[in-house]
2 protein chains.
Amino acid sequence: MTEIVPITDPADPRIEPYRDIRDRDLVGRDALFVAEGRVVLNMLLASAAYRPVSLLIAAHRIESLADLLVRVPEDVPVYAAAQPVMDAIAGFAIHRGILAVGRRNDTPDADTLLARVQGPGTILLLSAIANHDNLGGIFRNAAAFGVPAILLDSDCCDPLYRKAIRVSVGAALTVPFAKLPRGTDPIALLERHGFEPVALTPSAAATLARHRPAARTAVLLGAEGPGLDPALLARARPLSIPMAPGVDSLNVATTSGIVLHHLTQVAPD
Amino acid sequence: MTEIVPITDPADPRIEPYRDIRDRDLVGRDALFVAEGRVVLNMLLASAAYRPVSLLIAAHRIESLADLLVRVPEDVPVYAAAQPVMDAIAGFAIHRGILAVGRRNDTPDADTLLARVQGPGTILLLSAIANHDNLGGIFRNAAAFGVPAILLDSDCCDPLYRKAIRVSVGAALTVPFAKLPRGTDPIALLERHGFEPVALTPSAAATLARHRPAARTAVLLGAEGPGLDPALLARARPLSIPMAPGVDSLNVATTSGIVLHHLTQVAPD
């Protein structure tokens with residue numbers, strides 16, 4: 001097991017990446033991110049695509065986290081601080097008592113990611129999903145239904161933001177994703193890799209419930225308010241989920257669950 | 001249009017129900033609740049089952065809310081306060097600039113509510129849904145898929161809590177619900193009204209995707225962690241949503257959307 005390094009001063013420079021984490025994002029800083037909680041940390045330690053850079057734990061949790069700590073690579077420092085010091089570092093009360101800074105090892109571009117998806121599969125293309133709860137929820141559903149790849153346009157928020165990882169229950173660390181550079185033509189990209197683009201939109205005459213999907217399907221999902229860019233919609237097969245009068249939308253994470261259940265478990269048979 | 005009453009003192013006793021609303025619940029106080037935002041207020045004003053008791057609006061919003069204010073009954077006071085006074089009353093920043101206290105007029109017991117559901121229909125029975133986001137999300141999905149009744153056991157939180165109403169996008173004010181007194185036998189209640197109880201549980205051999213529902217179906221949903229009480233599960237038809245290895249649950253609100261879409265739009269055909 002790696003040595004545990006005691007931290008007594010919240011200003012200690014070694015724990016700088018953990019400072020005031022509530023309102024900031026480590027994105028862009030060497031592909032670093034902050035993960036929290038036992039479930040997510042276990043996923044980080046098991047992942048080939050990510051690796052821990054360091055851990056920060058509450059001193060009183062050392063014993064109860066022993067099973068996790070033995071799996072931390074020897075060259076990864078584990079810092080331990082009394083709970084008040086830990087809270088002072090992070091800028092709020094860290095009830096879970098365990099944080100890690102991680103790094104993404106594998107950052108494929110979209111073409112590389114899609115080339116890895118062999119055979120049948122349902123993937124997601126997300127446009128302007130700017131809410132971390134929704135993005136985390138979409139990743140959680142994608143993991144549940146075995147989605148092999150998620151593409152994010154340049155208006156999406158970051159799946160590796162702490163809250164998105166937490167809401168995804170770690171799925172942001174298990175579902176492979178790629179970010180599309182601004183200006184990418186996502187439909188051309190999908191077609192190049194043999195994915196039929198389908199788009200959920202309330203105005204479509206064809207319903208999801210009756211849709212028979214292609215073996216390789218890409219589901220386009222946009223933000224709840226504005227919906228998908230009409231130029232994208234026009235180039236995808238539009239599908240609707242009919243709703244009761246007076247209701248005009250579903251939450252986008254819920255929509256992803258409905259669509260993935262239908263396309264992966266109902267429609268193929 | 002009703003007269004607008006200016007409020008300049010946050011301690012004014014007339015606006016007592018709006019004080020420090022973030023962390024409290026008006027439940028039990030004459031069936032009062034707090035609603036916020038234009039969309040929800042419009043639903044409150046249109047509802048037969050609820051009525052507004054008073055409104056509190058930010059003074060600078062009077063003009064932009066004129067279309068809504070003309071629909072407020074004459075005997076319902078509309079209080080207007082400068083934004084800082086409004087924020088001081090509520091205890092946090094009320095960005096939406098409009099709050100109302102409402103009252104539930106129609107509080108049917110479960111038997112009365114179910115007796116109103118004629119013909120085919122899919123209803124929900126919720127057990128121990130203690131998270132307002134999840135409860136609001138379930139109501140939102142129920143409204144989208146035309147659910148005529150929701151039953152809540154005594155371990156559920158309140159759909160009329162401010163945050164649950166907000167997350168439901170007002171559906172907590174449109175989908176009829178009844179709370180079951182502690183000790184109610186919910187399965188006997190459902191069977192008395194001709195509803196087949198189905199329960200979502202990961203261990204079931206039968207899948208939702210292959211299920212052909214009865215014309216009158218009640219979907220039992222429990223909290224994500226503990227799941228449904230085994231004694232309830234044993235008396236319902238168990239259905240699973242198969243998930244990828246390593247994933248053991250879906251968010252319960254997402255589950256409600258998947259199940260309702262399947263039972264109301266896919267399976268009947």
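## Helix 9 of chain B and its cap

In this predicted model, the N-terminal end of helix 9 of chain B is capped by Asn251(B), which places a side-chain oxygen 2.8 Å from the backbone nitrogen of Ala253(B). The helix that follows covers residues 252–266, and its 15 residues reach 20 Å from the first C-alpha to the last, which is close to the 21 Å expected at 1.5 Å a residue. Because 14 of its 15 residues are buried, helix 9 of chain B is largely enclosed by the rest of the structure.

## Where chain A meets chain B

The contact draws 26 residues from chain A and 26 residues from chain B, and the area buried between the two chains is about 2,100 Å², with carbon and sulfur atoms giving 55% of that area.

On the side of chain A that touches chain B, helix 5 (132–144) and helix 9 (252–266) each supply at least two residues. Which helix of chain A gives the most to this side? It is helix 9 of chain A, with seven residues.

## An annotated span in chain A

For residues 123–261 of chain A, UniProt lists, in an unreviewed entry, "domain: tRNA/rRNA methyltransferase SpoU type". In the model this span is 29% helix and 19% strand, and its end C-alpha atoms lie 12 Å apart.

## Ser47 in a loop of chain A

Ser47(A) sits in the loop that lies between helix 1 (38–46) and strand 3 (50–58) of chain A. Is this residue buried or exposed? With a relative accessible area of 19%, Ser47(A) counts as buried, because the cut-off for that term is under 20%.

The side chain of Ser47(A) reaches two backbone nitrogens: that of Ala49(A) at 3.0 Å, and that of Tyr50(A), which lies 3.2 Å from a polar atom of the side chain.

## Ile98 in a strand of chain B

Ile98(B) belongs to strand 5 of chain B, residues 98–104, and is buried, with a relative accessible area of 0%. When neighbours within four places in sequence are left aside, the residues in contact with Ile98(B) include Ala35(B), Gly37(B), Leu41(B), Leu55(B), Ile57(B), Leu68(B) and Met86(B). Ser54(B) is 44 residues away from Ile98(B) along the chain, and the C-alpha atoms of these two residues are separated by 11 Å.

Note on methods:
Residues are numbered from 1 along each chain as its sequence is written. Chains are lettered from A and ligands numbered from 1 in the order in which they are written. This is a predicted model: local features need pLDDT of at least 70, side-chain atom pairs count only at pLDDT 80 or more; totals for chains, interfaces and linings use all residues. Side-chain values use heavy atoms; hydrogens and water are left out. Helices (H or I, at least four residues) and strands (E, at least two) are DSSP runs, numbered from the N terminus. Buried means under 20% relative accessible area, exposed over 50%, partly exposed in between (1.4 Å probe, protein chains only). A polar contact is a pair of N or O atoms within 3.5 Å; within protein, one must be able to donate a hydrogen and the other to accept it, and residues adjacent in sequence count only if both atoms are side-chain atoms. The expected span of a helix is 1.5 Å times one less than its number of residues. UniProt positions are given in the numbering used here, feature names are shortened, and annotations may be inferred rather than shown by experiment. Contact means heavy atoms within 4.5 Å. Buried area is the accessible area (1.4 Å probe) that two parts lose on being put together, summed over both.
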